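Hi everyone, thanks for coming. I'd like to walk you through one structure today, so let me put it on the screen.

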Amino acid sequence: MKICRHLNYVRSLSPGKAVFFYQTPERDFIPIQVETNRIRAAKSGFSEAYDKNQKLKNLAPQDLAYSNPQCIDACYVPPNVSEIQCRFSLRVEANSMQPDSCEDEKVRRYLKKLAFTYAQTGGYHELARRYCQNILLGAWLWRNSHTRGTLVEVLTSNENRYVISDARYLDWNAVWPEEEQAVLEGLASEMAVALSEPRQYWFADITARLKTGFCQEIHPSQKFIDGHQPGESSKQYATVQCEDGRQAACFHAEKVGAALQMIDDWWDVEADKRLRTHEYGADREYLIARRHPKNKQDFYTLLTQTAVFIRQLRKVRDNGGEIPPHIHYLMAVLCKAGLFQRGGQ
């Protein structure tokens, strides 16, 4: 199958912002706010003493001892608050069942057959299980997952409640205890239906309750800024405005989504880490593409083999067996969605 000039998908998982707050006996929502601090930092950067050729600059001894005044955002748990919460909502839709736009009817037909056969063989349950693992593990909390206790609660639009009492004791690669495994399978079953049934409208409300230390630091999303005005913070945290005008620290929806998409351990038979679903398997830790096109395992190379994968899925459906990992990966990218066309060249 050839990739056509215009092809795009709409994402299947749509998280909202994750907001930090705490509760008191009088109020059930008090936003955790970001503060601005002015500090006297030490000069410690490479460029303070060396040029781009690693040659020592002409400096007096005291030049590196002067302070480097900075203005930065910071966020901490308020005094005498021992538990905070972080909450977001998730909408799941069956948008990978067919392209949102596609100019080639043959390509559209192939891609619809691929998704339909993948659903028949139970493939969406595997994707849903992985997404739900990241939800229940609290992967979306990022650095804030290091706590004295992390309870994760999920309320679904099917009026079901799923609870992990302490996510700290669970691991992606380990066998989960029977009770926690049942929670995972129940949540994944609901999500799998939503991923494969276009008429199913499914929502989840996810809350993590974090037991914290005294005035523990919180790490919300950091804004990307090209520059800042004098007096503004050089490092700014993301916030969302509450009804009363106060600003609550939060994660961007994109950062939450990135955590849920950390499911690609299919990139190598001996893969020792999960990657965020990406067309070229971008590994930001090592700054390398794990699915470089020269290895024929990138999304676009696999997409051209759609007709072959349909036949493979039919064999699995009719004769049993396991869905090949590269098909799971291909469908995961379609769930992530994006512009996949080759353009007008």
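Predicted model: local features only at pLDDT ≥ 70, side-chain atom pairs only at ≥ 80, totals over all residues.

Residues are numbered from 1 along each chain as its sequence is written, and side-chain values use heavy atoms, with hydrogens and water left out.

Let's begin with the whole chain. It has 8 helices and 18 strands; these are DSSP runs numbered from the N terminus, with helices being H or I of at least four residues and strands E of at least two. Along the principal axes, the C-alpha atoms fill a box of roughly 75 × 60 × 40 Å. Of the 345 residues, 43% count as buried. Buried here means under 20% relative accessible area, exposed means over 50%, and partly exposed is in between, using a 1.4 Å probe and protein chains only.

The chain exposes about 19,000 Å², and carbon and sulfur atoms supply 47% of that. Those areas come from the Shrake-Rupley method with a 1.4 Å probe, and for residues only the protein chains shown count as cover. As for contacts, meaning heavy atoms within 4.5 Å, residues 24 or more positions apart account for 72% of those with a separation of 6 or more.

Now to the pockets. On a 1 Å grid over the protein atoms alone, a pocket is an open set of points with protein on both sides within 12 Å along at least five of seven lines, a cavity is a set where a 1.4 Å probe fits but cannot get out, and lining residues have an atom within 4 Å of a point. Points are joined across faces, edges and corners, and a volume is the space filled by probe spheres set on them.

The largest pocket has a volume of about 1,100 Å³. Its lining has 40 residues, and A139, W142, K255, A259 and M262 lie nearest the centre. By class, that lining has 14 nonpolar, 11 polar and 15 charged residues. In this scheme Ala, Val, Leu, Ile, Met, Phe, Trp, Tyr, Cys and Pro are nonpolar, Asp, Glu, Lys and Arg are charged, and the others, Gly among them, are polar.

Which element gives the largest share of that lining? It is α5, with 4 residues. Besides α5 (253-260), β15 (275-276) and β16 (282-283) each supply at least two.

The second largest pocket, at about 310 Å³, also draws its largest share from α5, this time 5 residues. Of its 13 lining residues, R11, L13, A253, E254 and G257 lie nearest the centre. Here β2 (13-15) and α8 (325-336) join α5 in supplying at least two residues each. The lining divides into 6 nonpolar, 3 polar and 4 charged residues.

Staying with α8 for a moment, P325 sits in that helix. P325 counts as partly exposed because its relative accessibility is 41%.

Let's look at N144, in the loop between α3 (123-137) and β9 (149-156). N144 counts as buried because its relative accessibility is 5%. Leaving aside residues up to four places away in sequence, N144 touches F20, L210, I218, H219 and F251.

Finally, two backbone spots. Q54, in the loop between α1 (46-49) and β6 (67-74), has a positive phi of about 65° although it is not a glycine. Q54 is exposed, with a relative accessible area of 61%. E159 also has a positive phi of about 65° without being a glycine, and its place is the loop between β9 and β10 (161-164). E159 is exposed too, at 75% relative accessible area.
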